[in-house]
Amino acid sequence: MNWLIDFFGAAANWSGPDGIPARILEHLEFSAAAFLIAAVIAVPLGLLIGHTGRGALLIVVSANAARALPTLGLLVLVVLLIGVGTVLPVLIPLVVLAIPPILVNTYEGVRGVDADLRDAAYGMGLRGGQVLFRVLTPSALPLILLGLRLSAIQVVSTASVAAFVGLGGLGRFIIDGLATKTYSDVIGGAVLIALLALAVQLAFTVLDRVVVSPGVRQVR
Amino acid sequence: MNDEPLVRWDWIARNWDNGGPSAIRTLLESHVVMALLPVVFGLLVALPLGVACARWRWLYQPTAGLMNVVYSLPSLVLFSIFLSVTGLTQSTVIIPLTLFTLAILIPAVVDGLRSVPEHVRQSAVAMGFRPLRRLLQVELPVAVPVVLGGLRVATVSSISLVSVGALIGQGGLGNLFIDGWQRQFPTPIVVGIVLIVLFAVLSDGLLVLAQRLLTPWSRARRSAA
């Protein structure tokens, strides 16, 4: 507990470019950028593969690879090969690791829609695109949101690890604290990241309540 | 990057078993221990807890909620917090990974037990199975595919997450990432990634094999159909 008081009680920790507010903003900035790029790539791709059924192998491979690939190793290797200096080399592994949860769950969501529902939509004269966007997507929304949530949490988590290769953000408190054996910083940083992850979790729970059609939720 | 090759094979040969604490073999061994012990512990705890949650429904909501929170915590966060409790030991990695395993396995056990068809349960009752024997000989075997599905996810995640422990000084093969980064030398990093992925693929394959052996009826049904 004393560590927490040391960390959050120190006035110096609340201002300047390495203060808590600045670090939180940095962390959110990188995470949001990586998450949005990943979502823009993975949601349409997942919808497309789920709808057409083509390229399902890509889903299986990416699901397994994402779990087995060590984040730290990927980060270190990419940044070492491309070189530091800009944010871009760190952003690449962040995006790569954020894609699979969205891709897999979007695909599963579309695939899991009741076949009767799909047939009924075609029977009513809807075209392929209309079926996808007016019927399949709303029905798959709970799973798409689950994928987005898992991905967002993954990004927040990986962005903390990325402090090791020089990225700013909350991971800095942990990495620098470990290097200088300032455990109040380590614990304080860990608590802040945990709170951020929980805030993301909560935000998606609220989003789920707001955007998922009540009819879809009842079925689940 | 200069013209340093991606992999220097002679470095691997020299460091595979150099006798020191940084030998690749030594790191691999500690990696195996730190990755698999949490899965074993997690399974031992998740089975009774999952059975309890399936038996007493009111228990499941709060447990699932708690596990959801645990699962959303980044591994680096849990490692850092446990570092102040258990210090620079393997427990600092093993305890958090056990918690992650629980977060995956408890829902898997509950889902598995709920997947047991009602007519199967009733047949067992009609044949005179008492609750404990019914659980051990009917319900748990039928739940095996779902539980093993969860176990596969937990095992592969655990194997890859151990490497993050390198940041707090206990990371098995993850130490190769730190080493490679500090010396700006890609070979150890590539070796680490390849060994971790191979270890994960191998473990996953063994679990698939275990599932085939444990559920012979699923194959019998498929070949009969």
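Let's start with Arg134(B), which pairs with Glu139(B) in a salt bridge, the closest N and O atoms being 3.2 Å apart. This is a predicted model, by the way, so please hear every number as computed from it. Both partners are out of the solvent: Arg134(B) is buried, and Glu139(B) is buried too.

An α-helix has 3.6 residues a turn, so residues three or four places apart point the same way. Glu118(B) counts as partly exposed because its relative accessibility is 45%.

Arg23(A) and Glu26(A) form a salt bridge at 2.8 Å, N to O, and both lie in helix α2 of chain A, residues 20-52, three residues apart. Which of the burial classes does Arg23(A) fall into? Its relative accessibility is 11%, and the cut-off for buried is under 20%, so Arg23(A) is buried. Glu26(A), with 25%, counts as partly exposed. Over all chains, the count comes to 10 salt bridges.

Now to the nonpolar side of things. In soluble globular proteins, nonpolar side chains tend to be buried together. Here the largest nonpolar core has 106 residues. Among those with the most contacts inside this core are Leu72(A), Val76(A), Ile102(A) and Phe164(A), and chain B is represented by Leu167(B). The largest share, 14 residues, comes from helix α7 of chain A, residues 128-161.

What does Phe164(A) touch, leaving out residues up to four places away in sequence? In chain A the list is Leu72(A), Val76(A) and Ile175(A), and in chain B it is Leu167(B), Ile178(B) and Trp181(B). There is also a second, separate core of 14 residues, with Tyr60(B), Ala103(B), Val144(B) and Leu207(B) among its members.

On the surface, Val33(B), Leu37(B), Val40(B), Phe41(B), Leu44(B), Val45(B) and Leu49(B) form a nonpolar patch, with about 540 Å² of accessible area together. Take Leu44(B), which is placed in helix α2 of chain B, residues 24-55. Leu44(B) counts as exposed because its relative accessibility is 59%, and the cut-off for exposed is over 50%.

Let me step back to chain A as a whole. Its secondary structure comes to 10 helices and zero strands. The C-alpha trace spans about 65 × 40 × 25 Å along its principal axes. Of the 220 residues in chain A, 50% are buried. The accessible surface of chain A is about 10300 Å², and 68% of that belongs to carbon and sulfur atoms. As for contacts in chain A between residues at least 6 apart in sequence, 72% join residues at least 24 apart.

I'll finish with helix α5 of chain A, residues 88-111. From first C-alpha to last, its 24 residues reach 34 Å, close to the 34 Å expected at 1.5 Å a residue. How many of the 24 residues in α5(A) are buried? The count is 19, so to speak a mostly covered helix.

Note on methods:
Residues numbered from 1 in each chain as written. Chains lettered and ligands numbered in written order. Predicted model: local features only at pLDDT ≥ 70, side-chain atom pairs only at ≥ 80, totals over all residues. Heavy atoms only, no water. Helix = DSSP H or I, 4+ residues; strand = E, 2+ residues; numbered from the N terminus. Expected span 1.5 Å × (residues − 1). Buried < 20%, exposed > 50% of the residue type's maximum accessible area, 1.4 Å probe, protein only. Patch = residues over 30% accessible without salt bridge, like charges linked within 9 Å, V, L, I, M, F, W, Y side chains within 5 Å. Areas by Shrake-Rupley, 256 points an atom, 1.4 Å probe, with all protein chains shown as cover. Salt bridge = Lys/Arg side-chain N within 4 Å of Asp/Glu carboxyl O. Core = buried A, V, L, I, M, F, W, Y, C linked by side-chain atoms within 4.5 Å. Contact = heavy atoms within 4.5 Å.
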